[in-house]
Amino acid sequence: MRLPFALLILATTPAIAQQQPNAAPPTEATRTFTGADLFGLSIAADPQISPDGRTIVYVRRAADVMSDRMQSSLWLIDVASGRQTPFAAQGGSPRWSSDGTRIAYVAADGEGSQLFVRWVATGASARITSFPGDPQALAWSPDDKQIAYVATVAGEPTTLGKAPAKPEGAKWAEPLTVIDRVNYRNDGGGYVKPGRDHLFVVAAEGGAPRQLTFGAFDDGGPLSWTPDGRTIVFAAIRGPEADRQVMNSDVIAIDVASGAMRTLTTRDGPDAQPRVSPDGSRIAWLGFDDKRRSYENVQLYVGDRDTAGPRSLTASLDRGIEDVVWAADGRKLYASYDDHGKRRIARIGLDGKTTPLVDNVQGGGLDRPYTGGDFSVSRGGTIAFTGGNAEAPADVWVWAGGKARQLTHLNAMMAESKALASVRKIAVTAPDGKPIDAWLATPAGRVPGQRVPLILEIHGGPNAAYGPSFATDIQLYAAAGYAVLWTNPRGSTSYGAEFANLIDKAYPSADYDDLIAAVDSAIADGTADPNNLFVTGGSGGGVLTAWIVGKTNRFKAAATQKPVINWVSEALTMDNTLFTSRYWFTKLPWEDPMSYWSRSPLSLVGNVKTPTLVVVGSEDYRTPVSESEQYYAALQIRGVPTALVKVPGASHGGLASRPSQSAAKAAAIIAWFDRYRTNSGPSSTGNAKP
């Protein structure tokens, strides 16, 4: 990030600075974290360690102030010294060849992306593909002569009837769009274009790629080669009515020479992310038995090379596995999972014995403190991962010999020049006695004992988890003088399947009580001003925000972001058409409309008196814009103070993807809360009670 000019002089010309003892120190204003600071942040992702463990290539994402987008570049790190060197000015998905001499990666080229290979020793690079399908899920063959990948193959649109012939030179309207797929639009991708994702192989030195899979199915990565280079294992939903299956992918093996496929798993439930063991005798994969509940732990399975005799290695762990890789000896695996709001990496033996190794994995987004992060493992067992804490976005770390070591400090200048909110965990007990994890950020200038306005920030999902991670929304709220509380109420992941399913077919419900208990704890803690309480959250957090203001008038103002307001309309307009009615309700909307209505925040709008801001992306296809518009209209009809904020071009998952919009969204919420905020409450030594 850019330092204030005075700090830049001090950092770069110490001799001159010493000659000017009267130079003005940084002011409180320059030390405040602001929306403009989002353009100075960098975050590490996808660290890939070389087979010999000496070098890491990783993706560095940083905001470009001119394009207002996050740009990705590739960097190399020498593990021993921590020295960094630029690898590619733009690109992503780096993958090492097995001999460690080359790195394949994806980079923009014209209107799409292409596959490139760079020779590490010389720095020479070559474009390997010129196919218009945007390659992904790169995987080198064992002999490093081929690279497998997934790319989109364009198809022909569905038509009905035929328009009259257009005269030459005429400017007519766009042709009709005929939609006949059950899932016809995707959040972030928009309306589905004709075409399917399929597997390809291409020579590592370039040439014409060869398509391996075909048909009206979407095939996905990661891709895993058998050691003899004859077979690739992947996952896909294939077979009759594949488009009507929500979570029922199978592990499939394809013969690279002939294209013949064998389906290796057949249960009702997803089987995905297959990994062939180094000796080819076993396959590991992730999956679960689909019981039509809102949440199931993703388990790590191991079977023989045809997945026969499968057994779960993590059933007793009671946590959902995020990613897995084999150790070089084939006798154990490394896996990541979330536990109590933190992502961890553990070594898992074939007997199921789990040995935790790393507990500070972080990464993914910037705006909110969700769990996340990536890792890779060298042949010698050195782990490269993205990690950190609440003080800065994710950096690259390495674990070896039982110790973790930070290699990058991408935001050191920001950390040194900005007064950031401090974050600590607080104890919360739900009304039924269940312990609830919660974290509290307090403004940098808060005097001990001073009560300050409180923002309750609620995570989405609802089967997801927050943790003690850096988040720009949290820092911006705190910089405006608010304490910020975030918590993992029942239904959150990382506490086991039973805890996550306490809201199965009952959401929202007692998670409301957990959230209110957390607010009461922040008041009892002496931090929150009970007369200045505010609430916000996105997606599932938007649902609970709207639910809260329908249940209580304790909050001075609220901001519901991308909420579901009416479960009937959401179930029939969201991008994954079959999901809501299959997993969150027992019947279809027209079979039992009252069960949908009784859990819809719109059913409580007659109780709402709290001034409520409504925020949504204009291209949100997960909780569509119509959900927010319904709530805004209902609040207007009732005369409740409200406003509707639309983020142009933003999807559900990309509501904060453009830095300027992320900053502006937070500023709008702060301005709304400031409108209803009153003078500071009593000190923590006063008589305020929850």
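## Burial and the case of Ser581

A residue is called buried when its relative accessible area is under 20%, exposed when over 50%, and partly exposed in between, with a 1.4 Å probe and protein chains only. Because its relative accessibility is 15%, Ser581 counts as buried. Ser581 lies in helix H10 (residues 579-583), where helices (H or I, at least four residues) and strands (E, at least two) are DSSP runs numbered from the N terminus. Not counting residues up to four places away in sequence, Ser581 touches Lys587, Leu588, Pro589 and Tyr596, contact being defined as heavy atoms within 4.5 Å.

## Basis of the model

The model is predicted, so that local features need pLDDT of at least 70 and side-chain atom pairs count only at pLDDT 80 or more, while totals for chains, interfaces and linings use all residues. Residues are numbered from 1 along each chain as its sequence is written, and side-chain values use heavy atoms, with hydrogens and water left out.

## Parallel strands and crossovers

Strand S35 (528-538) is mostly covered, with 10 of its 11 residues buried. S35 pairs in the parallel sense with S33 over 6 bridges, and with S36 over 5 bridges, two strands being paired if DSSP finds at least two bridges between them. Within these pairings, Leu456 has Val535 in S35 as its bridge partner, and Gly537 stands opposite Thr560 in S36. S35, helix H8 (residues 540-551) and S36 make a right-handed β-α-β unit; a crossover is right-handed if, with the strands pointing away from the viewer, the path from the first strand over the helix to the second runs clockwise.

A further right-handed β-α-β unit is made by S37, helix H12 (residues 625-638) and S38. Here S37 (residues 612-617) and S38 (residues 642-647) run parallel and are joined by 6 bridges, and the bridge partner of Thr612 in S38 is Thr642.

Helix H5 (residues 472-479) is largely enclosed by the rest of the structure, because 7 of its 8 residues are buried. The buried residues are Thr472, Asp473, Ile474, Gln475, Leu476, Tyr477 and Ala478, and they pack against strands S32, S33, S34, S35 and S36 and against helix H13 (659-676). Gly481, which follows H5, has a positive phi near 100 degrees.

The largest nonpolar core has 90 residues, and those with the most contacts inside it are Leu454, Leu456, Leu485, Tyr631 and Phe673. Helix H7 (residues 511-524) gives the largest share of this core, 8 residues. Such a core is a set of buried Ala, Val, Leu, Ile, Met, Phe, Trp, Tyr and Cys residues joined through side-chain atoms within 4.5 Å. Leaving aside neighbours within four places in sequence, the contacts of Tyr631 include Ala546, Val549, Thr560, Thr612 and Val614.

## Pocket and cavities

Both kinds of space are found on a 1 Å grid over the protein atoms alone: a cavity is a set of points where a 1.4 Å probe fits but cannot get out, a pocket is an open set with protein on both sides within 12 Å along at least five of seven lines, and lining residues have an atom within 4 Å of a point. Grid points are joined across faces, edges and corners, and a volume is the space filled by probe spheres set on the points.

The second largest pocket has a volume of about 1500 Å³ and is lined by 43 residues, of which Gln48, Arg95, Arg275, Val325 and Val377 lie nearest its centre. Strand S9 gives the most to this lining, with 5 residues. There are 2 cavities of 30 Å³ or more; the largest cavity holds about 50 Å³, and its lining includes Ile458, His459, Arg490, Tyr507 and Leu544.
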